[in-house]
Structure formats: C-alpha cells, structure tokens
Amino acid sequence: RQPEFTQIDLEMSFLKKEDLLRLMETLFKLLFEKCIAYTLPDSFPRMSYKKALEEYGTDRPDTRFEMRLSRLCDIAKESEFSVFKEEIHRGGIVKGFCVKGGAKISRREIDRYIAFVSQFGLKGLGWMKKTESGFHSSIVKFFSSTLLKAIEEKMEVEEGDLLLFAAGKESTVNQSLDQLRRLIAREVDLIDSKKYAPLWIYDFPLFEWDEQERRNQCVHHPFTAPHPDDIEKLDSDPLNVRTVSYDLVINGYEVGGGSERIYNTNMQKKIFKF
C-alpha cells in the first residue's frame with residue numbers, strides 16, 4: 001500500500017469470506033496481545049454498510065460510545081417547521097441525535113457546533129433541551145405535543161438531555177452529524193481511550209451516483225464482485241446492488257478490508273459498461 005494507507009490488505013485466492021474474516025480476527029488479536037497486551041474479543045461484531053450510515057452517518061463508526069442518529073423525516077414533515085419541511089420536499093432528510101446530560105451545554109457552545117458543521121456543507125442545526133418542565137428552544141413551538149412525544153420516544157430522551165437536528169442532502173447530513181457526534185463525545189469525555197472496539201462493515205453498495213458525471217460509478221473499484229443475491233438487480237436497480245466486500249474498523253478508523261474479485265469474464269464486461 002502507499003505510505004498514507006495504514007491498513008492490512010490481503011490478496012488471496014480460493015478462500016471464502018468467513019475463512020478470511022476469521023484469519024483477520026486471529027491476526028489482529030495476536031497483534032494487539034503482543035504489541036500492547038490488549039485482548040480483543042474472540043469474534044468481532046458485524047454491521048451492514050446501510051445500518052452504519054443510518055445510525056452513525058459513516059461506514060467507519062466509532063462504537064465506543066452511543067449517540068446514534070435517528071431519522072426523523074416522518075415526524076418533521078408533520079410539523080410546522082418550514083426549514084425541515086422544505087428540505088424534505090427537496091428530497092433531503094432530517095436526522096438528529098441525543099446528547100445525554102447535554103441540557104447543561106450553553107447556547108454559545110451550540111452556536112460553536114453550528115459553525116463547526118458548516119464546514120461540511122450544513123446550513124445550520126436545530127436543537128431542543130428537555131428539562132423538568134418540558135422541551136425548550138426556539139423551534140419547539142412548531143411541534144405539537146404529539147410530535148414532541150414521538151421525538152421523545154424515538155430518541156429515548158430523558159430530563160437533562162440535549163437534542164441536535166440536521167436537515168439537508170442525506171450525504172451532507174450524515175457527514176456533518178458523524179463529525180459533530182465525534183467532536184461532542186471527545187469534549188464531554190464519552191470515549192474510553194483505553195478501549196478498542198473492532199467492527200466489521202459489510203454489504204457495501206457496488207455503485208453510487210456521481211452528480212458531476214451524471215452516471216453510476218463504482219464505490220470501490222470495477223473489479224469488486226456483486227453479491228450473488230443482487231445480480232438480477234444490475235439492469236433494473238443497480239444502486240441497490242451490494243458487493244461481497246468487508247472493511248475492518250477499529251475506533252472509527254479503517255484498519256483492514258477486502259473483497260471478492262470478479263472472476264467471470266461476462267460479468268466483468270457488464271460492470272465495465274456502467
């Protein structure tokens with residue numbers, strides 16, 4: 001690999017996915033034991049790419065702490081808050097997360113969070129605080145008591161919590177909230193620096209839509225094999241075709257990974273046509 005890529009990449013033939021994952025887990029367990037005397041679990045948790053983006057906003061989630069993202073489109077579009085409703089109408093989404101005990105965070109700090117996410121293309125943040133007398137913020141008035149109850153249940157809100165919301169293009173919302181989630185976790189000391197949380201991410205999509213080129217392009221490279229269960233979607237629904245691929249993530253960093261390559265000539269020619 002190039003010097004800037006600090007990950008383990010294996011190129012092998014005639015090995016099944018489960019065999020390779022077990023091999024990598026054994027290798028990493030040995031490395032951690034020998035190098036820093038740390039014991040990793042016998043088998044590593046697994047999470048689909050789709051779930052990782054939905055709940056963490058990234059395919060490299062740091063799972064040492066919670067603050068998972070919640071999709072709130074159904075609730076937001078029933079509100080009277082025009083900012084959220086207009087973004088949804090344009091095809092965007094609304095997501096948010098709950099900062100436990102975050103009601104003590106000042107408005108000045110929230111303004112700093114707003115400035116922070118602007119560098120990722122987000123126009124702003126909505127927020128609410130839950131106190132003993134209920135929800136408080138300038139946007140609460142746009143939500144009925146029924147909708148506030150729905151938010152409370154979906155985001156598992158308790159007294160003393162802070163809610164942060166983002167609306168916009170899905171990729172922008174995900175990136176912004178992922179980075180904000182990490183920033184807040186560091187600042188309010190939610191991360192155990194002595195813990196290592198390995199995680200396999202699997203079922204990456206084969207294609208993604210390139211806005212500039214106005215066409216589908218491969219997420220990894222054109223040699224990654226499509227998932228056998230999704231081959232029939234190549235012509236009708238290519239953006240929902242998964243691959244036989246996997247990344248190993250530890251504490252929010254990709255440290256290894258791989259994929260099954262295409263070995264069928266006709267399939268390879270088909271992928272090249274996209």
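Predicted model: local features only at pLDDT ≥ 70, side-chain atom pairs only at ≥ 80, totals over all residues.
Good morning. A salt bridge here is a side-chain nitrogen of Lys or Arg within 4 Å of a carboxyl oxygen of Asp or Glu. Lys233 is partly exposed at 28% relative accessibility, whereas Asp230 is buried at 3%. Buried means under 20% relative accessible area, exposed means over 50%, and partly exposed lies in between, using a 1.4 Å probe and protein chains only.

Residues are numbered from 1 along each chain as its sequence is written, and side-chain values use heavy atoms, with hydrogens and water left out.

In total, the structure holds 24 salt bridges. One of them joins the side chains of Arg242 and Asp203, at 3.1 Å from N to O. This pair links distant parts of the chain, 39 residues apart: Arg242 is in the loop between helix H8 (233–236) and strand S11 (245–250), and Asp203 is in the loop between strand S8 (198–202) and strand S9 (207–210). Helices (H or I, at least four residues) and strands (E, at least two) are DSSP runs, numbered from the N terminus. Arg242 is partly exposed at 26%, and Asp203 is buried at 16%. Elsewhere, a network of salt bridges links Glu54, Arg71, Lys95 and Glu170.

I turn now to the nonpolar cores. A nonpolar core is a set of buried Ala, Val, Leu, Ile, Met, Phe, Trp, Tyr and Cys residues joined through side-chain atoms within 4.5 Å. Which residues of the largest core touch the most other members? They are Phe97, Leu164 and Leu180, in a core of 25 residues. Strand S4 (93–99), helix H5 (107–118), S7 and helix H7 (170–187) each give two or more residues to this core, and H7 provides the largest share, six residues. Leaving aside residues up to four places away in sequence, Leu180 touches Phe97, Tyr113, Phe116, Val117, Leu125 and Leu164, where contact means heavy atoms within 4.5 Å. A second, separate core has 20 residues, including Ile75, Ala76, Phe143 and Ala167.

Next, helix H6, residues 145–154, has Leu147, Leu148 and Ile151 as its buried residues. Down the axis of H6, these fall within an arc of 100°, so they line one face of the helix; the arc is that of the directions from the helix axis to the C-beta atoms. The face turned away from that side carries the exposed residues Ser145, Thr146 and Glu153. Among the elements covering the buried residues of H6 are helix H3 (73–76) and strand S7 (162–168).

Finally, the structure holds 12 aromatic pairs. Rings of Phe, Tyr and Trp (its six-membered ring) pair if their centres lie within 6.5 Å; planes under 30 degrees apart count as stacked, over 60 as edge-to-face and the rest as tilted. Phe84 and Phe165 are an edge-to-face pair, with 6.2 Å between centres and 65° between planes. Phe84 lies in helix H4 (residues 82–89) and Phe165 in strand S7, so the pair ties together parts 81 residues apart in sequence. Phe84 is buried at 4%, as is Phe165 at 2%. Ring pairs also link Phe81, Phe84, Phe142, Phe143 and Phe165 into a cluster. Thank you.
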